[in-house]
Each structure stands twice: as structure tokens, then as C-alpha cells.
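Please read the following account alongside the sequence and the model.

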Amino acid sequence: MIFEKVRKTFGSTVAVHDLDLTIDEGEFVSLLGPSGCGKTTTLRMLAGLEEPSGGSIRIGDRVVNSVPPAQRDIAMVFQSYALYPHMTVAKNIAYPLKKRGVREPERSERVRATARLLELETLLDRKPAQLSGGQQQRVALGRALVREPQVFLLDEPLSNLDARLRAHMRAELIELHRRIGRTMIYVTHDQLEAMTMSTRIAVMNAGVLQQFATPADIFHRPANVFVAGFIGSPVMSLLEGELTRSDEGDGTGPFRVRCGALEVALPAGLLDRSAAPGPISLGVRPEDVLLGSGAHTATVGVVERTGHESIVRLDARGTPLKARAPGDTPTATGETVRFSLRVERLHVFDAATGNRLNADAEDR
Amino acid sequence: MNASRARTIWSIVAWTIVLAVVFPLIWMIVTSVKPQAELFSIPPTLMPETITFEHYRRLLTETPFPRFFRNSMILAVTTTVVVVALGTLGAYSLVRFKYRGRETLATLVLFTYLMPSVVLVIPLYLMMAKLGLANTLASLVIAYTTFALPYALWLLRSFMTSIPVDLESAALVDGASRIGAFVDVILPQAFPGIVSTALFTFILCWNEYLFALVLVNSDSVRPLTAGTMNMLITSFNIDWSLLMAASVMMSLPLIVIFTFLQGTLTKGFGAGAVKG
Amino acid sequence: MHAAPPSSLEKHYARIGVVLIAPTVLVFCAVILYPLVSAIYLSLFSIYTPTLAGEWVGVDNYTALLASGDFWSAVRNTLIWTVGTLILQLVFGVAMALLLNQSMVFRSLARSLVLFPYFLSTVVAVLVWRWLFNDLYGILNHVLLIAGLIDAPVNWLGQMPNAMISIILVGAWKYFPFVVIVVLARLQSIPEQLYEAATIDGAGPFQRFTDITLPQLRDVLVVVVLLRAIWDFKEFDLIYLMTGGGPVGATRVLSLLVYEEAFRVNRMGMASTYAVAMMLVLLGFTLVYLRQTNRLEEG
């Protein structure tokens, strides 16, 4: 599927800006971003429920801008499930087949097969109102699966489930994708879902695509400040600072970073050749802050212990940082500790554009 | 003051008023089963000393009343069918489609409330005369449709807006056309609302007076309202027993609808009225 | 490079939408456009109703209207009627809604019964009330005599000011349930927690009413007042059947004036002129209603 310069405006609001995206067959792509970033609008345009204000959308080699949803060979699972309240589960699942002219007895057989796949056989005669949230969600999935379409669209299908069920369904969906191998496009604001389930993630903010890459790339090489601050739990610390250039001749690279009282020498080759001195944002992941020994000192603030690890908040003479430490760390609030940074894992972003200045930045 | 004492006080106060409000209707029923002689006794008796159905018998056998009843029934049912059909489609169009002039149309619906029926009646009278439809049930069906449709649209719109849009979207993605989605999703979901609207329209048509008065001038075509009032005017002596019996019979459909479907009727009204 | 889409999906849907509403639009043209144009057109003629023969008189009808005593007294009567019955409808309607919102026995039955007058045919209502008002045999006079409130039977419909009072009362009886339905629906949507919080804060029942209930009702009441004002102003059936406009035109409201002029005096042109005047007043009301509902939607 190809999005070419796709734009969508509602009145005077631009929901989606010049989106260029190419999705390969069999991929599991997540559209990830905060509320209002345009991800649901993009999904709906793909489904045919909204028409692009500009640009073109292709499925296969067909331009589908004006093709009604019924003719796009697409199935969709809605956030609200949208099960037909007046129909039984069996009729709900059978509906798409009925609309496409599949007759009995084939229709019932396919319904039963899908029900078996999702463990819904005992519920076939119930109405949606009599089902639990998890069961309703499976019926919605069943209704999408029974048609065996080219593409599956899922609009935050897990957001209405409780945490445990959500974790369970995540695994189920990954398994499903592996088994049927069709393209799946998944909209979510939960980065954990996106990271664990996708082959590639498209991060969006305010209608603009920020980065489209594999989960590993997005984690290790975020293309800009927004992506860096969005992915990761706990979130990366982003510090304002200044990039300077000097030649010390002590084996370190020419660039140094200063954030408040914190000063770090960057290794040679970390930054791209085009980087120039000026205001920057420095990104440090908590796991790259090592407590115990090092060149820097800080006062310990709040320590959040989750059992298997601790998140330690540090105040390095006015510069806030977070560090990840093992669960049984003896560090306590008010102590002064020494820490070091894994400098080869620092992320540097231009303060004005937010773009990544590291040498490994890829084009999105 | 504790809860159950408060409840008793409210019950007494409220029910006293309700009975006062309903009293005229009770009196109507009581009068219709009193023999003529007792009717004119002074002081009037609250409960009938003897009960007779003589007046009903006379009403049904010696007056054109059955004919009036039949006319009203045909008229109300036909108009309801037409209005509900047009109204459902129209309401769906107003609620789910986007096209130029849609907002203006919605506002125009409000302007129909402007029209006093006396003003409508004159041009309609002329139109029916020209079309050669004067003094026919068809002319009344057309006339009633013109004023019942705005109310039906108003009610149906409020019912349809409460149906989640996702349901139709799901149907569209599943392979239905817009019309298919309408039939498979909207109609079943809006069904209680459609029933409410149909009942309301029926009552509206059943009770209408002015158009029946002006557009029809022969007993064979007259509906109940105009017919009954005509009986009052043409007879020399006002026969109250007969008229009360006629009133009770005229209110029968209302009583039937109310007994079985009070909930649906008022729910629609409440929802529609607040949105306006 | 992207190709221009052949025929837009949105346009296709728009076309279906238009088709669906076309018959309704036709009807509306019959209801609004045609009578409006007709009435204005006819008001410029002098037409003899039985034969429909007419001749052009231009604005003569309008000058006659402004000079006509009949017209202005009809306006006065209409205003008295509308304001009188509207106030009663409001007061009784709100009071009843408040009552029916309390806990009581057989509450849903009470709520249904109270609606009967509204859905009853005007003809039935009029017949029943005329029987009740009957000076010799009507139970109303009897009850009042026994209670000692009057010395002799009252002629309710044949004398002024009784006739106007009578129709105002019957109008209130017939139409107050509309106010009850709307206000009750609104009352039921006020969350109980607001009252609970106020009680905890120390507010007494009267304060709770003025501080919580009334503000919530304000929006709905504005709508109700305007709607009922428009509908009461238009009322024909009730007044025509109760008093026929009598005694001696004392209860002749504008709608009756139009009817009489068209079908008794047989001057359809003049009747149309009265009709146009009536519509202008109603237009004023409707514009106010529209502005109020728009403001409520935004606010």
C-alpha cells in the first residue's frame, strides 16, 4: 500500500500533512502517536471511510481514493468493536459473507471455523450485549477474519480491555499475524503495543509523519526529539544544552556537550559531519546512566522501586536525570552518588529543528 | 422528615392533582353511561345510579358515527405510513449525509412551525379544488402529510443521531452499500423510535380538526372530529349523552396506545423536545 | 505523480443523500413555500370565496387592515389569550414536573395519566369542557355552588370576562403536559450527586432548588416558553370550538379572524392579508427561538 502526498483537512484543520508511506505486503505496521496526531484519520482514509483532500492512496496498483469501502478488500476492527447489537454473534460474523453473496451452507461453515479459531463456539447464539469486553473483541476480530481480506485494519482494538487481558491479546494478535501472514495496520497510542507487535512503526505527531522504521531503529536511533521522548519506559531524559567544538588532543572527539552543570565529551564519530556548535537537546536513556562510580556527581531524589528494578531520580547540580538500577540498590534519597554515562549511546538533537545529529541517523 | 413520610405526602399531593387533571375524562365516561333522565338531575350525581349503554347503541346504529370512525382510521393509517416512510429516509439523509443546503433545510424544518394551520388551509383548499380532489379522503391525506412530516422528521432525527456512527462504518467495510447499511443497521436500531413516531403521527392525524372542517363537506368522507362536531351543530337539541359516548369512542385509540406504549411515546418526546 | 480521481466518493454519497430527502423537500415546498407565496399573492386581491373570482386591489387590503378595528382587537385578544394560557401552562407544568420527580407511589402511572389531556383530540376536550361548563347541568357550577364560592350558576362561555378565562383555563389544561414532559426529562438528567454535595455543604431544600435545579432548567424553559408561545399564538381548533370567537368577538383571536374572513364573510383576499400579518408576528417569535437555541448549543 502506498500513500503519496496524502493530505486531509477538516474545514480549516489539517489532520494529515503530506503523508508519504509505503507498506509492504505481509507487514505488521503500527501507526503510533498521541491523540489527535492523525493516525486514526489515516487509517480511515485507507478504509474508505474518509476521502483524502489531496494526494493518492494505492492498494496494490489500484488508486483507491474514490473506491467505496465495500470494494477495497479490507477488514476493520473498531475501537468500540461496532458489533451489530440486534444480531447474534453468528449473524455478526456471517454478515460480511452475506454481503458478498456467499451462500449456505458454505457461509455457516466458515462462520463456525472462525468461531473455533477464536474459541467463540459456545457464544454463537448470544447477542453482543450479553458478552464480556474480551469476548466482544474476539467477535469483532472474527467478523474481520471470516472474509480473509488482503488487509486488516485495527483501530486501538485493545484500549478498552483491562491490563491483563490486553497483554494476553497482544500475544494472540502476534500469533495471528504469524499464522495468516496478511498485512495488518494497527493504530495505537501505546508504545509498548507498537514495539512488541510491529515489523515497522510509523510515528506520527500533529498530522506529520515523524519516523517510519523498525522498532529497533526507532528505539536506538530516534529521528527527532519527539520520537525520542515518546518511546521508552521510563521516558528518555531530554536536557537542553550547548554543543561546543574544541580540540583537546586527549583522545576524545572534537565535540563537547554542556547541559547546566553537566559536561560530557562526545566520542569521535558519534555526531554526523554536518553537526555544528550551537544549542542542542541531549537525550539520555535511564539504562545508560550507571550509578556507583564515574566522573559526575548528583544528589538522589525520589527512588521508585518496582521490585525487579529501581528508577532513581538524580539532581546533578541543577540538571535532572533518571537512572535505572537493579531492584535491590541501596541508594537512598538525599545521598550523594557518583555516576557515569555511556557516552556512545547518547542522542544529540538540534534544538531548533529537533532532528537527530548523530552520525547514524537514517532518512525516514 | 424521613423518606417514607415524604413519600406519602408527595404521593397524596401529586395524586390529588393528577386526579383533578384526569377528572374531566372520568366525567366524560360517567356521563356516557348515565341514562338521559339522570343526566339532567339537579344536583348532578357523581356516580351513575344506573348504567346504560343505550347511548353507545344509538351512536353506532342511528348516526353516521361508524362511517366517521372508518374514515378517520383509513386517513390516519395511510398518512402515518406515508409520513413515516418519507420521514425515515429524510431524517437519515439529514443526519448522515453531507451536501449543500443541508443546514438550510434543517432550519427550514423549524420554519414550518411558523405556519398557522389557518394560513395553510386557504391555499390547500384552492389547490385541492383545482386538482379536482375536493371533498375526498385523498385530499386529507395530502394535507395531513404536509403538516405531520415536520414533526416526524424532528422526532426521527433525534432518534437517529443516537445511533453510533461506527455501526454503519462497520457495515460499509463489511461490504454493504449506503442503502444496505441503512436497511441492515439503521432501521433495526431506530425501530423503537420509528414506532414512537408512527404512534405520534397517528394521534396527530386522528385528532386533527381544521383541515377536515374546510376540505370536506359531506358526511360520507368526514373523519371523526369534524363529523362529531357537525352532529352537535346540526341537531336542534344538544344531545350530551350521545356526544359523551362519541367522545369516549373517539378517544379509544389513544387509550389503547397509552396503555400499552406509554413509555416509548414519552421517551421520544423528551429526547426530541430538548434538542429542538 | 498521482492521477485525478475519476468520480469522488463523497460526491457520490452526497447524491444519495439528496435523493433521500427530495420527497421531503417537495412536501416542504408545499407546506412553506406555496402557502407563503400564495398568501402574499392572494392578499393583493379581493376574492369572493365560493366562486374564487378575484380582482386586483394592490395594497388596499393592507391599508384596510391597519385601519380595521377588528384586526387590532383580534391582536389584543390573541395576546391576552397567549400570555394568559402560557403563564398557566408554565407554572402548572413546572410544578407538576417537580412533583412527579419526587418519590411516590405508582409514579409512572401518574406520569402517564397526566399526559392524557395533551394527546386527546381537541374536539373531545372541547366537548367535555363544554359539558362541564354547562350553566345548568355542568358539574363545575354545581361544585362551586356547594363550596359556596358562587351564589348562582355562572355562564362560562357566553359572558365576558368568563369566556376568555374559560379558554385560558382549558388551554392550560390541554397543553401543560407538554411542559411536564420536557421539564421532567431535564430534571431526571440532573445527577443526584449535585444535590448530595449541596446537602453536605449545608444547603436546605429551598436553596438546593434555587442553586441547582433552576439553573439547570433555565435552558429548557427558554425553549419551552418559545415553542409554546408560538403554538398557543397559532391555536385555532380550541378557541373556535369552545366559543366560536364569542361573545360578540370577545375571544376572536387572529386565527379565527382569518377563518371567518375567508369562509364566513367570504373575502379570501382580506383573509390572506390577515394571514400574512399573523405570519410576520410568528416570524419574530421564531427568529428569537432560533437565536436562543443556537446560543444554547454554543454555550
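Axes here are lines fitted to C-alpha atoms, for helices over the stretch in contact, and angles run from 0 to 180 degrees between N-to-C directions. This is a predicted model, in which local features need pLDDT of at least 70 and side-chain atom pairs count only at pLDDT 80 or more, while totals for chains, interfaces and linings use all residues. Residues are numbered from 1 along each chain as its sequence is written, and chains are lettered from A and ligands numbered from 1 in the order in which they are written.

In chain B, helix H3 (residues 54-62) packs against helix H12 (residues 240-250) at an angle of about 75°, their axes lying 9 Å apart; helices (H or I, at least four residues) and strands (E, at least two) are DSSP runs, numbered from the N terminus. H3(B) and H12(B) are therefore roughly perpendicular to each other, a label that covers angles of 65 to 115 degrees, with under 35 roughly parallel, over 145 roughly antiparallel and the rest oblique. H3(B) brings B:His55, B:Tyr56, B:Arg58 and B:Leu59 to the contact, and H12(B) brings B:Ser241, B:Leu242, B:Ala245, B:Ala246 and B:Met249, where two residues are in contact if their C-beta atoms, placed from the backbone, lie within 7 Å.

Between chains A and B, the contact takes 17 residues from chain A and 15 residues from chain B. On the chain A side, strand S6 (74-77) and helix H2 (89-99) are the elements that give two or more residues.

Chain C has 13 helices and two strands. Its C-alpha atoms fill a box of roughly 95 × 75 × 30 Å along the principal axes.
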